[in-house]
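Please keep the sequence and the 3D view open while reading.

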Amino acid sequence: MGIRFILMVNKQGQTRLAQYYEWLTLEERRALEGDIVRKCLARNEQQCSFVEHSNYKIVYRRYASLFFLVGVDNDENELAILEFIHLLVETMDRHFGNVCELDIMFHLEKAHFMLEEMVMNGCIVETSKSNILSPIQLMEKTS
Amino acid sequence: MDSLFQRSLDDIIKGLRHQQAGESAFVSKVLEEVRREIKSTDSHTKSTALQKLTYLHSICFVDMSWAAFHAIECISYPNFTHKKVGYLAISQSFQESTPVILLISNQLRKDLKSNVEVEVSLALECLSRIGNLDLCRDLTPEVFTLMASSRIPVRKKAIGVVLRLFGKYPDAVRVCFKRLVESLESSDSPPIVSAVIGVFCELASKDPKAYLPLAPEFYKILVDSRNNWVLIKVLKIFTKLAPLEPRLAKKIVEPICELMSKTGAKSLMFECIRTILTSLAEHESAVKLAAGRINELLIDEDPNLRYLGLHALAIVAPKHIWAVLENKEFVIKSLSDPDPNIKLESLRLVMEMVSESNVVEICRVLVNYATKSEPEFCNVILGSILSTCSNNVYEIIVDFDWYVSLLGEMSRIQHCQKGEEIENQLIDIGMRVQDVRPELVRVGRDLLMDPALLGNPFLHRILSAAAWLCGEYVEFIRNPVELMESLLQPRTSLLPPSVRAVYLESAFKALVFCLHSYLKSATSSDHSALGLSDPGVSSQSYDEFSGAHGENGEASGTTLIQENHITPDSVLHLLNLIDMAVGPLSGSYDVEIQERARNILGFTELIKPVLSDSLHPQDERHKQQVEASKMVRLLHDTFSDELGPVSMSAQGRVPVPDGLVLHENLADLEAVCGSSLPASSATISFEGSHNVEGATSIFISDQKEESEPSSESTSLLAEHRKRHGLYYLPSEKNTEHHEANNDYPPANELKSGVTVSNDAQDLAKLAEQSFLPKRKSKQVKARPVVVKLDEGDVLPISSKIPQAKDDSLSEAVRDVLLGNEADADTLTQKAAADSVIRKKGKEKLNAKEQEDDLDHMDSQSGTVQNPVKERSKRSSRKQNADEGDHGGDKGKQKRRHRHGKHRTREGVQNPPANVISQTPVPDLLL
């Protein structure tokens, strides 16, 4: 499965985007997000970006007020996931220009489409920024 | 009209942002609106409502399963904006069991065939998220067509969807697999390769064997690709494949090493390290190279890299412990890292390093860290010490005296919450290791004596164990009166009833023991009017006597000690103490406490008149004493029966006696019992003792030499020397300890010595010393006998049979990959030495055949109603035939494989595995 879920959470612990690649009920999601956010937001800059959580691990990275949390299988490459997060942020940055929390809040749909371009079935399928963004630009033209 | 006043998603988001407290009220209000608006016939109103609902669903955990049908309506709208809202809602909220899911099948097919690229993308995305068996089966032909699309983004996504198709509908393999393999070679378009490698990475992680024939393609990518993402995935695939085929491992080790040293990307480098350590661990030079890179990670400033370095060491530890030992200093230092994750990882590594020769030193270092750590990590440390040391019936413990005093010390650590585990181990060791009982009792006594410990609820379980041990092995107690006092001290009221009951029972045992030895000494001093009772002499010689106990047992040693302590006065004192402390408990609400209290009181009532007479008037004395000692001896005998550990499977091994029919109805038992009750009770007691004997002879198999009387005196002496030549203490301390007769376990002294040096560096230094292999001190003390209960002792290892969940999937893959080849193979198996060219040629031929087959099918798909079904039927028939073929050949194959070098173990009962075991490893690589 590789990637199990991707979360964007602000520093108050509010979820701003949640994308799951396996089916969880709402209660499970709520519990999981609560657990993870509590675990990761308590950590400081001197600590590493990997947290073990039940039978998988979380790779997270903080950009200003926003935390990007990615749940991955244990044998996934942690550093590659960190790079993936960075790529995601760069891509959004290119699209929105100085991306911030509000951009993601008000353009949640677009953020989802970017993720869909990058990840399929929990596998990273696309890593080129222009390839990721071209369908979105196409969509904007179409609609 | 509706849409005019409808709030847009932006309104909702703004509204949500301005709600501070009443968010849920706002959400339910919006939800109400949505429920109304979504019923609208206007496509814009409906899709906006759905959009709002989707937003609330993913951010505020609002249920939207009720809107499933509306979402399906939205994707059927021609307007792309509405359509994509519908698709997003579906992929966020549908699951396989959503009732209306089948209704989207037609719409998906329509969109998959659309000319608009983004529509196709949406449909593919959607299928990859929610596809169930029916959807995947119905849409496989469309996806297959798209896999050859000229539009790269579409093709890429179609490949991504294939993973879902295979997972849900394994027969899709027979349709799509060939095209998937071909995509591997499309090196001209990187996105395709990266997508297809991702798919194979996932597939191979589930069933690597099936993809071994594709190794040449993967190898080509490994050597040629410049994309780190792709390389990481390929490495992951090889991590799975290499252990299956040693020749493949040999082939890839060089490029991987080169990649590892050349690349600038840490992620790729780490993946190389991981691949080498996991799957190429036999290649010493590669592991050395990897170890060098790990060192670089460990000294990096980035905590991420340090963590991963430790993680890599943990991977390598089981096979190459030297790599860990080289970095031991760093590992120990990491125990005080600011990051709890790094601490945990280094603790795991430290535990990996533990061996028989360094367990004492490592545990010392760890306990010191535990005392300084915050509660959570402290208990993690203690937990890992406990589990490592007790692993496989205390395999690594040689000096049990040390271990037992360590347990005592651990219980005193402020944050210790491992009461239950320590309790279990104390009792377990007491039962298994006879030689350590004196030390156990000493540790137990120290714990019991300390009134402060009674206030800590985490220690109650440990105290319970200590009380039980002191009662059970009371003969090793130096001063039973003192023990009684601590068992009955007022603060025991803080204990929970169950523990208190243990305290009472132990007090009872101790009392009986005191009386027994008092009466015994009284009679013996009566006869030999000399009397040994000079306290000065005896306290000095005490240690020697106690040293004798291990080998000597109770009989000879105990009387000598006890004489010094049990005077008529102290007996009176004891009886008074019991009246005072136990008396009130006879009315306790807890039945266990009440019952035990009454037992004790009843016994003292009985014994008091007899004893008090014997204490004073001279003439009657002898007669009374005999009577009292009879009583006491009876009880003493009851308590001094040895309790042995019992194997979990013991019951099963008791042979059923002849003539005993277990299955017969026992209805007539009552008649038999009624008539011969006294007789039967006699047989029961006889059988009881018989069982005990039987148990000892069955279970305690290693103790023969101990019961041999010939070597008794020499072994006594040896035992004594062993005990006091404790090799973990320097000799001068040892004598000090001996003279001081101190109350604390010797381990505590050492501890105070170390805690002075609080600095982490000092500890690291200490650790450095401690990891030096201590040849010198080796085996100063022989390991005592540890009773093991053969196979029943260790929990049965759950023989985990890796059951391939997606059996049908791997079967299908195998079929496609070597369906034809396998046939040919049985004919030309001897051609293991065949030339490269011939085999390759054949492969190509097969490939062509299959391709034709597929193309043929493709062209048919317009006319035939359901080509997939048709085909799968056909191929499954074919597969059956193949299997039949294999079945016939099995005998031959087995014989052949026995001569072969590699894995054929999967034998007869697993036909698919057998088929794969003859997977021709592509010769290109070899």
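With which residue does B:Glu73 form a salt bridge? The partner is B:Lys46, and the closest N and O atoms of the two are 2.7 Å apart. A salt bridge here is a side-chain nitrogen of Lys or Arg within 4 Å of a carboxyl oxygen of Asp or Glu. This pair links distant parts of the chain, with B:Glu73 in helix H5 (residues 68-75) of chain B and B:Lys46 in helix H4 (residues 43-60) of chain B, 27 residues apart. Helices (H or I, at least four residues) and strands (E, at least two) are DSSP runs, numbered from the N terminus. B:Glu73 is partly exposed, with a relative accessible area of 26%, whereas B:Lys46 is buried at 3%. Buried means under 20% relative accessible area, exposed over 50%, and partly exposed in between (1.4 Å probe, protein chains only).

The model is predicted, so local features need pLDDT of at least 70 and side-chain atom pairs count only at pLDDT 80 or more, while totals for chains, interfaces and linings use all residues. Residues are numbered from 1 along each chain as its sequence is written, chains are lettered from A and ligands numbered from 1 in the order in which they are written, and side-chain values use heavy atoms, with hydrogens and water left out.

Another salt bridge in chain B joins the side chains of B:Glu482 and B:Arg445 (2.4 Å, N to O). B:Glu482 lies in helix H28 (residues 480-487) of chain B and B:Arg445 in helix H26 (residues 437-449) of chain B, so the pair ties together parts that are 37 residues apart in sequence. B:Arg445 counts as buried, at 8% relative accessibility.

Over all chains, the count comes to 43 salt bridges. One of them, in chain A, is between the side chains of A:Glu78 and A:Lys57 (2.6 Å, N to O). Because A:Glu78 lies in helix H2 (residues 78-96) of chain A and A:Lys57 in strand E4 (residues 56-63) of chain A, the pair ties together parts that are 21 residues apart in sequence. Both A:Glu78 and A:Lys57 are buried. A network of salt bridges links A:Lys57 and A:Glu78 with B:Lys236, B:Glu271 and B:Arg274.

Now to the interface. How many residues of chain B are in contact with chain A? There are 62, and they meet 57 residues of chain A; contact means heavy atoms within 4.5 Å. The area buried between the two chains is about 5400 Å², of which carbon and sulfur atoms give 56%. Buried area is the accessible area (1.4 Å probe) that two parts lose on being put together, summed over both. In chain B, B:Phe61, B:Trp229 and B:Asn304 lose the most area to chain A, together 14% of what that side buries.

Between chain B and chain A there are six salt bridges. B:Lys156 and A:Glu126, for example, meet through their side chains in a salt bridge (2.7 Å, N to O). Helix H6 (residues 80-93) of chain B gives the largest share of the side of chain B that touches chain A, eight residues.

B:Glu125 lies in helix H8 (residues 117-130) of chain B and is buried, with a relative accessible area of 4%. Leaving aside neighbours within four places in sequence, B:Glu125 is in contact with A:Glu116, A:Glu117, A:Val119, A:Met120 and B:Lys157.
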